[in-house]
Amino acid sequence: MYFLNWPEKQREVPTEMKQFLIFVRKEFKHVFRDKKTLLMLFGLPVVQIVLFGFALTNEIKNSKVLIVDYSKDQATCSIIAKIEASTYFEIYSVTQDPLEMEKAFKKGKIKSGIIFPLNFSYDLHHSGKAQLSIIADGSDPNTATSLTNYLNSIVQDYIHQVSGSRTGLLFVKAETRMIYNPELKGAYNYVPGVMALVLLLVSVMMTSISIVREKEMGTMEVLLVSPFKPLLVILSKAIPYLLVSMVNLAIILLLSVFALGLPFAGSIGLFVLVSVLYIITGLSLGLLISSAAASQQAAMLMSVMGMLLPTMLFAGFMFPIENMPMPLQLFSNVVPAKWYYIIVKSIMIKGLGLSAIFKEVLILTGMTVFLLAVSLKKFKTRLE
Amino acid sequence: MHAVIIDTLSKVYGKDKIVAVDRVSLEVKKGELFGLIGPDGAGKTSIFRILTTLLLPSSGSARVDGYDVVKDYKSIRSRVGYMPGRFSLYQDLSVEENLTFFANLFNTSLKENYKLIEAIYVQLEPFKNRKAGKLSGGMKQKLALCCALIHQPSVLFLDEPTTGVDAVSRKEFWDMLKRLKEEGITIMVSTPYMDEAKRCDRIALIQSGKLLSVDTPAQVTAAYSKKLFSAKADNMIRLLYALRASAHVSSCYAFGETHHFHFQEQGSSIDLLNELKQAGLEQIEIENITPGIEDCFIDLMLEKTK
């Protein structure tokens with residue numbers, strides 16, 4: 001009997017493949033005909049990258065600084081010139097009236113200020129010690145810290161120069177160096193985070209919505225009452241969104257390398273492979289949501305509340321996980337974006353290979369297999 | 001040979017134990033056009049979903065084309081055609097794309113089975129590039145029928161195919177079903193419209209999950225034992241109250257433009273007429289009529305509740 005069935009079986013395989021391909025083509029039509037969603041799909045990563053990369057950043061650029069200079073000597077003038085020359089600062093004004101500084105702070109015109117006392121240069125050259133005050137607007141602590149650090153280093157830099165030309169006087173300077181991100185660019189932090197966010201959002205939300213839409217429109221009923229395998233329904237839904245996500249990935253990468261000037265230190269091949277894995281994690285999560293949600297709105301809400309928020313909070317690119325209380329730190333381990341974020345940073349910015357991110361890749365694989373297994377088990381071949 | 005056999009089928013939903021289908025038994029012969037007639041919420045859709053293997057029965061059993069709806073659900077899925085209550089089409093795909101997609105779903109092509117749907121499809125052809133979402137109700141219904149037919153099913157299940165469709169399209173649709181029946185396809189159709197019942201070979205009247213009667217439309221009306229009268233007057237609302245209050249009338253209900261009623265055993269039409277005149281009604285017309293399916297339905301329903 002077995003060999004009698006053989007030719008029958010052989011004929012079956014290509015037709016199933018053909019069915020599958022036509023199904024996939026139908027899914028692509030859904031994607032490309034829904035212009036609003038399409039715009040969102042491809043607009044979202046661009047907007048996110050531009051927002052995070054340029055606007056929402058604590059990177060310092062042309063920060064206004066007011067200088068109260070009682071000395072008006074050669075040393076203070078040089079330091080002021082150096083500050084003005086840097087791209088971080090812009091001189092708001094140089095004055096001898098401390099009240100003006102207070103006013104400017106209150107009005108929010110400046111974020112930082114310097115006060116040079118009388119005889120700054122004289123003190124420096126005769127006693128080898130001079131004082132100055134650096135004042136920063138502490139209402140934004142992160143920016144304030146960066147501003148004072150920058151101003152400090154400019155002053156130190158000047159002193160270093162002066163001491164170099166004058167033998168006999170040695171100034172000891174503590175040098176700090178930021179590895180991987182010497183300029184402390186925010187983009188190094190945000191771009192991998194935005195990647196983790198956008199890829200997950202697109203794959204989770206789109207998959208869940210497109211499956212729930214079939215339920216809502218009643219077409220799922222017709223699909224079920226057909227010889228087409230339910231598993232293939234799911235698979236054919238996943239493929240277009242996998243592709244859309246890959247295009248998104250490429251857009252984000254190109255933007256971050258060419259527009260934000262990020263390096264790409266590691267292997268692109270490895271990066272793409274890991275990203276595909278991460279996208280599949282998202283697709284299986286979307287699948288799981290689709291089996292629980294009854295309407296497109298519910299699916300959307302579940303995706304946003306269930307995915308967007310935890311990803312933003314616990315991926316580690318907005319708030320450092322090390323600073324969170326223990327229970328939240330533990331929770332962050334189940335957020336796929338956290339692991340992908342670590343992987344992207346390792347590959348893109350540090351240029352590390354697979355051996356360095358082996359643990360993270362393994363965890364992500366485990367999550368994917370688990371989610372896929374649960375969602376396939378939950379997928380119903382009937383209506384209830 | 002029967003195309004559909006339903007044996008003491010019941011369906012109970014959820015924790016509240018809502019009984020949607022209550023011990024229903026019926027048989028549909030091969031090549032028959034069978035109508036399931038009943039108001040909304042009578043359990044028609046539940047029965048259709050059980051027969052199309054979308055729901056599991058709570059108790060009892062059903063066979064379609066000889067296959068059990070629970071055990072052999074895969075075999076059933078590849079041989080029946082199903083048109084759900086809402087026209088389940090892809091709104092963003094064109095008429096032609098919908099058809100080719102559903103043809104592909106069943107391993108066939110538009111060309112292969114064109115003959116079967118030709119008569120219906122010619123009406124759709126001028127709009128074949130139009131998106132399904134932009135079609136009128138009647139057109140959507142025709143397209144959905146084409147999609148359910150494209151794989152030459154042995155049994156066709158149509159769940160309220162005429163709901164939300166205009167009167168002309170409804171008539172056309174039943175003409176199409178008649179042609180399909182001539183092709184040898186067994187058709188099981190549900191409808192809340194009693195006037196469509198007479199287009200079926202046999203009908204089952206269903207109410208609150210229970211079958212009231214299963215027979216040919218002619219037999220159902222023939223089984224109506226009482227004499228039925230219709231009444232008309234200048235003021236229909238007062239007429240209804242007067243008829244209900246009268247000692248000569250046993251039961252009365254509004255029926256479109258007239259009121260239908262039965263006389264009490266000792267009721268006399270002359271006495272009633274006088275009574276109505278005294279109540280101030282004018283232009284009174286009372287007529288003995290032959291009952292329709294709806295009259296039978298109402299009568300059976302009242303009997304059940306008694």
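Predicted model: local features only at pLDDT ≥ 70, side-chain atom pairs only at ≥ 80, totals over all residues.
1. Residues are numbered from 1 along each chain as its sequence is written.

2. Start with chain B, where four strands (DSSP E runs of at least two residues) form an open antiparallel sheet in the order β2-β1-β4-β5. Two strands pair if DSSP finds at least two bridges between them. At the edges lie β2 (18-29) and β5 (67-68) of chain B, each pairing on one side only.

3. Within that sheet, β1 (residues 2-13) and β4 (residues 59-64) of chain B run antiparallel and are joined by five bridges. Asp7(B), for instance, has Ser61(B) as its bridge partner in β4(B).

4. Now look across to the other chain: 27 residues of chain A are in contact (heavy atoms within 4.5 Å) with 31 residues of chain B.

5. The count of salt bridges between chain A and chain B is four; here a salt bridge is a side-chain nitrogen of Lys or Arg within 4 Å of a carboxyl oxygen of Asp or Glu.

6. On the side of chain A that touches chain B, α1 (2-33), α7 (187-217) and α8 (219-224) of chain A each supply at least two residues; helices are DSSP H or I runs of at least four residues. α1(A) gives the most, with nine residues.

Methods: Chains lettered and ligands numbered in written order. Heavy atoms only, no water.
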